Structure formats: structure tokens, C-alpha cells
Amino acid sequence: MKRYTIPFFVAAAPVSADVPNVVTDIAPVHSLVSMVMDGVGNPDLIMEPGSSPHHYSMRPSEAGMLAEADLVVWVGHGLTPWLEGPIENLAGDAHHLEWLGTDNAVLLSFREGELFAEHDHDHGDHEDHDDHGEEDHADHDEHDHDKHDDHDHDKHDDHEEHAKHDDHDHDKHDDHDHEEHAEEGHDDHDHEEHAEEGHDDHEGHDHDDHKEHAEEGHDDHDHDKHAEEAHDDHGHDDHDEHAHGEADPHLWLDPLNAQYFLSHIADELSELDPENAETYRANAKAAQVALAELSATIDGQLEPIRGEKFIVMHDAYHYFEERFGIEAFGSISPGDASTPGAARIKTLREALAGDDLACAFKEPQMDPGFVNVVTEGLDTNAGTLDPLGANLETGATLYSQLLQGMADEMVRCMTE
């Protein structure tokens, strides 16, 4: 499979002796900032790709990075709540750019329950994204990567409750007839509609998402410690750890979000370092064009697996799925800081019994044993999806390799 690498255009501009000290939280964000700073400087990274954002303790050297920062770029409280205090205390005088707080981020809500509702993926109503100006987003019209008319999916009914941005004058989607699905119109970017359609509030679940902990076992399965842990009362068995309507923080897995965010990064850097503003903005625009092309490539690549049934370790891939018109059947764990309980595993096994499951995906940051428990006895392939790029070299190319690698692994696992 051809690997897609984002090329960079670096404008002829002097490199200032006072290049801003930029600190980032996770490797995908570090990669995007590296794209914009290419030829000028290199950002610092707090968490290595193999680390879980929910289980991380900063080292003194990383705290020192924050203390020296001119700009902190991070996803936000929803992903790394423990980082909020150090940013305020150690980098209080620095500029702060929180991705979840940007006005044009396409936000989705967490899906509830172990089984995701049967959603369609008719992206035909998703408008193309017009040219965003000389210093803004790349022209995506020719790629038409937001449309999936040829996917032959049914209509989405209320799949995501997108976080509202009341203070940003977003357009309403009258054709949705939903009162609370105010996707962003983004007047400043000439987008009539760039948010995804919503789906029904997960109707069709025949099970209670809040069953008693550890009451039900797998009588016919004598599993190892993973099964035993599943039957323990962890306090979150069968309970999703995220509040209803809370914005899913894994927004970097939608390349359209990354295209928007590149402009914000360039704007912040240009304000701090006007001498290199031309370079930052040229780099951002070149990266936006390349990401639009990558999206079109992945869109075509995933066509053969649309409609295949697969499960994921936890609900981290909603943005990637929604962008490219695929849908996970469910997730094994309530979240990346949780372990699944007995009732959740039982529900998944019952739902999958006698059905065709193309693939079950593990994650490098999470215990793979629970995947084995859920899929024992099922004729299904196993794969690995990595939302953070644990095995990739950090830097400007990591982000494109991360997305391309996910697409490659999905196709491999679901077509073998």
C-alpha cells in the first residue's frame, strides 16, 4: 500500500533568533505544529506516543518545558484534565491554544453503551468546503472528500449531538429538523455546512446500559485474569465514563478538523513571531492541501469495507468513522481509562453470537486480553488501531502516517 507523506512548502523568510518555544501535549498535535513550523523551529512534546493520556505523570523535564513555553498547543481538558493545572501554573504567561475550544472544530458526542446504534452514512448532504482565503484553509472543492453519495448509505438519524458554539453565530440545519444539533456554519470560513449529520439517540438498544456489576458470568468460558477482572466490581461496569453530551476529544482523527486547526496554529505563531509569519502561513496552506488529498485517497481506499462489522477497544474512532462513512458495531471498554465489566462483555458476546464479525481491533495503549475474551470462539480477524501513533517517529510526517496506517489496517483486517 502506498504511503502518503505530506509535502511542505517553506516560503523564503528569515528565521528569527527568537523563535517561539512551543509545547504540545500528544504526538498528533505535535505533528501538526511541526508542519507549520517546518524550516523555522521544532515544538516540544510532553507525552510520548505510547503513553496513555489518562495515565500520565509529567517528569520534571516536561514541567520545565511548560515553564519555558511561549505557546502551549493541546487538545484540551476533555483528553488530559490533569494537564490543565500545570499549564495555568507553569505557563500562565504563555499563549494557550486549546483545540476543543476553537470556533470551527467539528465536535461529536461520545456514543453511549457497548453497542452503537445502527447508523447510516449518507454524506450526500454534506456541503463541499469552499476556498477559505489566502491565509486560511485549502480549497477542498475538487476533492469532494466530504461527500459520500456513492457509498449508498441510508440517512443518518441523530447519530452525534455536536457541541454547540453559541457565541460563534453558527448556521442552523433546517433540513435536520433537530433543535439541538446546531452544527457550525463558520461564517468566517465560508462553510454553509461542514458538520456531520446527527443520529438518533441510540434507540434500538434492547439491553440496560446500567446493569448490576459482576452478577453475570460466562458459564461456558473459563477465562484467565481478564475474565476475572470483567466480573469484579470496578465501579464502572457497563457504565460509560463520559457524561451524556460531552464532546469526544479524539477530534484529531478527522483530517478536516486538522485542516482547520493548522490555520489556528499559524495565526498564533504569526502573532508571536511576525518575522516568520509568511512561512507559517505558507506551511499551513500547503499542509491543508496535502491533507485534503490524503482524505480523498483514504475515502476511496475504504470503499470495499463499508458495511463490514467490526468492534473497537474503546470509542476513540468516531471522528474517523464519521468522516469516511464507516461505523463500528460497538466498543469493548467504556473508555480508555476503564476496564469492561461482566455485563458489558456478556452483552457484546450475545450480540456477536452467530453473526459475521469481520474484525476486532486492539490498541497499543490498552490491555488486549479483553478483546480475546469477547471474541473467543468467534470466527473473526484481529487487528490493531492506534489513535496516537505509538510506533511512529514523532515529527511532521506522523499525522499523515497515523491516518494512512489506520486505513491500511482496517482494510487488511476486514478483507483477509
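**Exercises on a sheet and its cores**

The structure holds an open sheet of 4 strands, paired in parallel and ordered β6-β5-β7-β8. The model is predicted.

**Exercise 1.** Determine which strands form the edges of the sheet, and state the average twist.

*Solution.* Begin with the strand order, β6-β5-β7-β8. An edge strand pairs on one side only, and this applies to β6 (330–333) and β8 (381–384). Passing from one strand to the next, the twist averages 25°.

**Exercise 2.** Describe how β7 pairs with β8, and find the partner of F361.

*Solution.* Strand β7 comprises residues 359–362, and its pairing with β8 is parallel, over 4 bridges. The bridge partner of F361 is G383, in β8.

**Exercise 3.** Characterise the largest nonpolar core and the contacts of L302.

*Solution.* The largest nonpolar core has 73 residues, and W252, L302, F320 and M410 have the most contacts inside it. Helix α10 (residues 398–415) gives the most to this core, namely 9 residues. Now consider L302: neighbours within four places in sequence are set aside, and the contacts are then F320, F324, I326, A407, M410 and V411. Another core, of 15 residues, lies apart from the largest one; F329, I345, M366 and V374 are among its members.

Conventions: Residues numbered from 1 in each chain as written. Predicted model: local features only at pLDDT ≥ 70, side-chain atom pairs only at ≥ 80, totals over all residues. Heavy atoms only, no water. Core = buried A, V, L, I, M, F, W, Y, C linked by side-chain atoms within 4.5 Å. Buried < 20%, exposed > 50% of the residue type's maximum accessible area, 1.4 Å probe, protein only. Helix = DSSP H or I, 4+ residues; strand = E, 2+ residues; numbered from the N terminus. Contact = heavy atoms within 4.5 Å. Pairing = 2+ DSSP bridges. Axes fitted to C-alpha atoms, helices over the stretch in contact; angles between N-to-C directions.
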